[in-house]
Amino acid sequence: MPTTDPVLQAIDLHKSYGHRSVLSGVEFELRPGELLGIIGENGAGKSTLLQILAGVLRADRGEVVHRGSLGYCPQRIVVNDDLTVGQHLRYFQSAYRMPDLTRAWQLLDRLALTPYRTIRAGALSGGTRQKLNLVLALMHDPDVVLMDEPYQGFDWENYLAFWQLAGQLRDEGRSVLVISHIAHDTERFDRLYRLEAGKVTAVRSELEVVAS
Ligand SMILES: Nc1ncnc2c1ncn2[C@@H]1O[C@H](COP(=O)(O)OP(=O)(O)OP(=O)(O)O)[C@@H](O)[C@H]1O
């Protein structure tokens, strides 16, 4: 029987940079097979929160509990300018210990990246680099996907392709968390939280977001 236990839980997370408190008791859960959004103003602490959830930054206090594999698409693109798109895939194939690149090639195709296979990352446009960033986060088919403003720099067609992909991941049972400062994406999520004044609160309806 499928479990409804959360795949990821943030428990009383606190984080300060020097005297600046950014997170002060963040609590929420990500459930199996849901597309969850966390929105917040610039500087609200969204990237800080996601880095803590992904395990690349340590919280001052609190705990993150998760099960299954994680995929993390950071806001700051992590590609190496000297490697081609194809070389990135092979490098990450080895890091993820994947037997083949079938899924990675499919993702590349899905995001119209296939023609860039042999191009060095340093020669790609910002939006195209971001697409590569996304493929690298998703190519090992993680159970839990954490994405930080994943469509920045995308044109409209790719923006729609992103949401189609996110919806498909959810429909296949993956749990997807997207953080964004854009409130007009809100209807695309199953549930929505707002990060404000160091805490996360549930947004009950679209109207509440639009009205604020
Ligand atoms: N390494 C750091 N050292 C000091 N201050 C930091 C550091 N990283 C982030 N901050 C500060 O913490 C606050 C939250 O930053 P964060 O990047 O988490 O916000 P955000 O909600 O992701 O913002 P944006 O929407 O602009 O990406 C900001 O005031 C930022 O300047």
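This is a predicted model: local features need pLDDT of at least 70, side-chain atom pairs count only at pLDDT 80 or more; totals for chains, interfaces and linings use all residues.

Modeller: Happy to. Two strands pair if DSSP finds at least two bridges between them, and the elements themselves are DSSP runs numbered from the N terminus: helices are H or I with at least four residues, strands are E with at least two. Residue numbers start from 1 along each chain as its sequence is written.

Let's begin with the three-stranded sheet. This sheet is open, with antiparallel pairing and the order β2-β1-β4. The edges are taken by β2 (20-30) and β4 (61-66); each has a single partner strand, so one side of each has no neighbour in the sheet. On average, neighbouring strands here are turned by 20° against each other, direction ignored (axes are lines fitted to C-alpha atoms, for helices over the stretch in contact, and angles run from 0 to 180 degrees between N-to-C directions). Five bridges join β1 (residues 8-17) to β4 in the antiparallel sense, and opposite R61 in β4 stands H14. Strand β1 also contains D12, whose phi is positive, near 50°, although the residue is not glycine. Most residues other than glycine have a negative phi. D12 counts as partly exposed because it has 13 C-beta neighbours inside 10 Å; the scale is 20 or more other C-beta atoms within 10 Å for buried, 12 or fewer for exposed and partly exposed in between, with C-beta atoms placed from the backbone.

The other sheet has six strands. It is open too, with mixed pairing and the order β5-β6-β7-β3-β8-β9. At its edges stand β5 (70-73) and β9 (199-202), each with a single partner strand, so one side of each is left without a neighbour in the sheet. Its neighbouring strands are turned by 20° against each other on average, direction ignored. At the β9 end, β8 (residues 191-196) pairs with β9 in the antiparallel sense over four bridges. Y193 faces A202 of β9, and R194 faces T201 of β9. Two residues lie between the strands of this hairpin, in which A197 has a positive phi near 50°.

Helix α1 (residues 46-54) lies across β1, β2 and β4, at about 125° to β1. α1 also lies across β3 (35-39), β5, β6 (144-148), β7 (175-180) and β8, at about 155° to β6. Contact here means C-beta atoms, placed from the backbone, within 7 Å. Seven of the nine residues of α1 are buried, so the rest of the structure largely encloses this helix. Those buried residues are K46, T48, L49, L50, Q51, I52 and L53. Just after α1 comes G55, with a positive phi of about 85°. A further helix, α5 (residues 156-171), lies across β3, β6 and β7, and runs at about 145° to β7.

Around the ligand are Y17, V22, G40, N42, G43, A44, G45, K46, S47, T48, Q75 and H181, taking C-beta atoms placed from the backbone and within 6 Å of it. The shell divides into three nonpolar, eight polar and one charged residue; Ala, Val, Leu, Ile, Met, Phe, Trp, Tyr, Cys and Pro count as nonpolar, Asp, Glu, Lys and Arg as charged, and the others, Gly among them, as polar.

L138 counts as buried because it has 24 C-beta neighbours inside 10 Å. Leaving out residues up to four places away in sequence, L138 touches G71, L107 and V145. From L138 to R191, 53 residues apart along the chain, the C-alpha atoms are separated by 21 Å. In α3 (residues 102-110), L107 is buried, as are A104 and L108. What covers the buried residues of α3 includes α2 (85-96) and α4 (126-138), while the face turned away from the buried side carries the exposed T102 and D109.

Note on methods:
Two residues are in contact if their C-beta atoms, placed from the backbone, lie within 7 Å.
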